[in-house]
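Open the structure in your viewer and keep the selection tool ready. Each stop below says what to select and what is there.

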Amino acid sequence: MKKSILLVVVLASILACKKDAPKDEKQALVENLKSYTIEQMMDNEAIGGGSFSPDKSKLLISSNRSGIYNMYTVPTEGGEFTPLTKSDSASIFGISYFPNDERMLFRMDNNGDEIFHIYMRDTLGGFTELTPDKGARASFYGWAHDGNSFYYGYTKRNPRFTDVYEMDINTLTSKVIYQNDEAYGFGGISRDKKYMALSKAITTNDSDLFIYNFEDKSLTKINEKPSANSASDFTPDSKALLYTTDDGSEFAYLKKYDIETKTYEKVLEKNWDIWASFFTHDGKNRITLVNNDAKTDVEVINVASGEKVDFPSFDTGDVSNISFSRDGTKARFYVSGSNTPSNLYAYDVATKEHKQLSNVLNTAINPDDMVTAKVVRYKSFDGLEIPAIYYAPHQASAENKVPALVWVHGGPGGQSRQNFSSFIQYLVNHGYAILAVNNRGSSGYGKTFYQMDDQNHGEKDLQDCVEGKNWLADQPEINAERIGIIGGSYGGYMTMAALTFKPEEFDVGVNIFGVTNWLRTLKSIPPWWESFKEALYKEMGDPVKDSVRLHRISPLFHTENVTKPLMVLQGAKDPRVLQVESDEIVAGVKKNGVPVEYVLFEDEGHGFVKKENQIEAYGKVLQFLDKYLGYEEPIKE
């Protein structure tokens, strides 16, 4: 324990932002600091994915450079992005090249309704919808190891149950290989196609893990005790399953189950959660991802020798999202940080040379003007230590105190991480400090911490946010009289809970598609969440059996308490938090004569993905904050 505390102290010191720089250096930075418009900040490009073409000369990626996500290719030796789709409405996300030809798979929904369908782009540029059934939701699960077919989940039979299909890529015909009547979660199929991993959620933390035998149709439960169990990958010889578990431990570690002998072996354990571990297609390397204090550590191990594989590292950013080509000779990965957007790189295994393929930060933005976050910790009302990510504006000082916001992540059970956010950097650039709290119930800090908010929502976790406000108020660079709260999804609920149940604590609230009526939300969750529904009920409460408590913690029924200015943002297509949630909270608060601003997008879902909508939404947030927190910018244009 002492070692882990020391590591946190060292990490916080390393990540300290430039407010700890020498006084003359900081002064020069502030004097030259530019203020960026929302159009400039949202012109940072967001890219994702990276599937190698069969000849490894190109990568298939998704980018929002056009304002909406579309598919592009980029040469692995570097060069211009080539657009493959030109959607101006629904976003298109590339999935993968076909293993042996240049056909491609991609997915698309209807402006955020999350009813995804899978499509194919042929070698002539034509498109074919492979999952055309109206109202049915498709999820790509991966390629068969031989490359002749792919697996996907499909709700064609019943919207509550995601059956497992296999599609032959030569005939483009599919068949059901597992009828999922118990709403199991899919965990992968072995290379010899004999076994499939399945999971069943018990709580939002714990799940049972099973191996299904396609030959004899048997289903074997492999976890020994109730715990957080998640399939990682079958071994290359298909004889064992690697999975993560927190059985007997605060943090998830890597374990191996031998299918024939029914024996177990602990493979790898860290001081943080191991998120996943998987093998390259050629079976030579195993890649492991570790959630290290809200950052991702990546470890590549040679399977034969057990030794670490030399892989690029960067002093100024984290390597993440690694993927190798099918023959193992090339890899691609992303590098990012709290002050640096995520860029794509290609790596040659033989020469050990890497090449940056993107530069997603808007060229009009000086990288030095972005703020590096640091990890902080503070004590809550009961002495519990709460981790948080702190962004202090460059211009903030004891002589120039700035307003601040407590930022609450989604969930329940999410985590604020040391990632780049154009929205956060925009607010910080305009002089607002941000404390992204990881209140009790957040993932990444052990299972005890994760379970601390179970059926305590809007109560103890809310008090953690209030104590985050108190921590901010104690910082010499913060104006203690100007602190608001902001959050999306579950964070939006926490914003409304703060304004409703702690009405004097925060000066303003920004609710981004947040739950306001748990009774309705828990009854109306999307049908494809069937596998997770009972687990969610155990954490949040059953809308029938626990209706009294859920009524008590739902802000909608207590709007008369709200006294501070409120802003609400919502997508009309949102299947998780329905538009009516925001409509009604706005109407209720307006009755108090409290300033309320409402921004509704007809073509967005649970999260705003179109640039023009992001520009409107986040620009209006700053205008709202400037108006009601009364901040006047002292920095230069």
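**Stop 1: the second largest pocket**

The second largest pocket holds about 1600 Å³ of space. A pocket here is an open set of points on a 1 Å grid over the protein atoms alone, where a 1.4 Å probe fits, with protein on both sides within 12 Å along at least five of seven lines. Grid points are joined across faces, edges and corners, and the volume is the space filled by probe spheres set on the points. This is a predicted model: local features need pLDDT of at least 70, side-chain atom pairs count only at pLDDT 80 or more, and totals for chains, interfaces and linings use all residues. Residues are numbered from 1 along each chain as its sequence is written, and side-chain values use heavy atoms, with hydrogens and water left out.

A lining residue has an atom within 4 Å of a grid point. The lining divides into 21 nonpolar, 17 polar and six charged residues. Ala, Val, Leu, Ile, Met, Phe, Trp, Tyr, Cys and Pro count as nonpolar, Asp, Glu, Lys and Arg as charged, and the others, Gly among them, as polar.

Now colour the strands. At least two lining residues come from each of β1 (47-52), β5, β9 (138-143), β13 (185-189), β17 (229-234), β21 (273-279) and β24 (318-324). Strands (E, at least two residues) and helices (H or I, at least four) are DSSP runs, numbered from the N terminus.

**Stop 2: aromatic rings**

Select F98, F140, W143, F150, Y152, Y154 and Y165. Ring pairs link them into a cluster. Rings of Phe, Tyr and Trp (its six-membered ring) pair if their centres lie within 6.5 Å; planes under 30 degrees apart count as stacked, over 60 as edge-to-face and the rest as tilted.

How many aromatic pairs does the structure hold? There are 36. One is Y69 with F93: tilted, 4.9 Å centre to centre, 35° between the planes. Y69 lies in the loop between β2 (58-63) and β3 (70-75) and F93 in strand β5 (residues 92-97), so the pair ties together parts 24 residues apart in sequence. Y69 is buried, at 16% relative accessibility. Buried means under 20% relative accessible area, exposed over 50%, partly exposed in between (1.4 Å probe, protein chains only).

Go next to F624 and Y628. Their ring centres are 5.1 Å apart and their planes at 55°, so this pair is tilted. Both lie in helix α12 (residues 611-629), four residues apart, about one turn of the helix. F624 is buried at 1%, whereas Y628 is partly exposed at 25%.

**Stop 3: charges over rings**

Select R65 and Y72. The charged end of R65 sits over the ring of Y72, 5.8 Å from its centre. Then select K266 and Y253. K266 lies over the face of Y253, 4.5 Å from the ring centre. The test is NZ of Lys or CZ of Arg within 6 Å of the ring centre and within 35 degrees of the ring normal.

**Stop 4: F608**

F608 is in the loop between β35 (596-601) and α12. Buried or exposed? F608 is buried, with a relative accessible area of 5%. Leaving aside residues up to four places away in sequence, F608 touches I512, F513, L569, Q570, G571, F601, Q614, A617 and Y618. Contact means heavy atoms within 4.5 Å. F608 and Q570 are 38 residues apart in sequence and 8.8 Å apart in space, C-alpha to C-alpha.

**Stop 5: backbone**

Most residues other than glycine have a negative phi, and most peptide bonds are trans. Select L172, in the loop between β11 (161-168) and β12 (174-178). L172 is not a glycine, yet has a positive phi of about 55°. D293, in the loop between β22 (285-292) and β23 (295-302), has a positive phi of about 50°. L172 is partly exposed at 28%; D293 is buried at 1%.

Select G411 and P412. The peptide bond between them is cis, with omega near 0°.

**Stop 6: helix α4**

Finish at α4 (422-429). Eight of its eight residues are buried, so α4 is largely enclosed by the rest of the structure. Just after α4, G431 takes a positive phi of about 95°.
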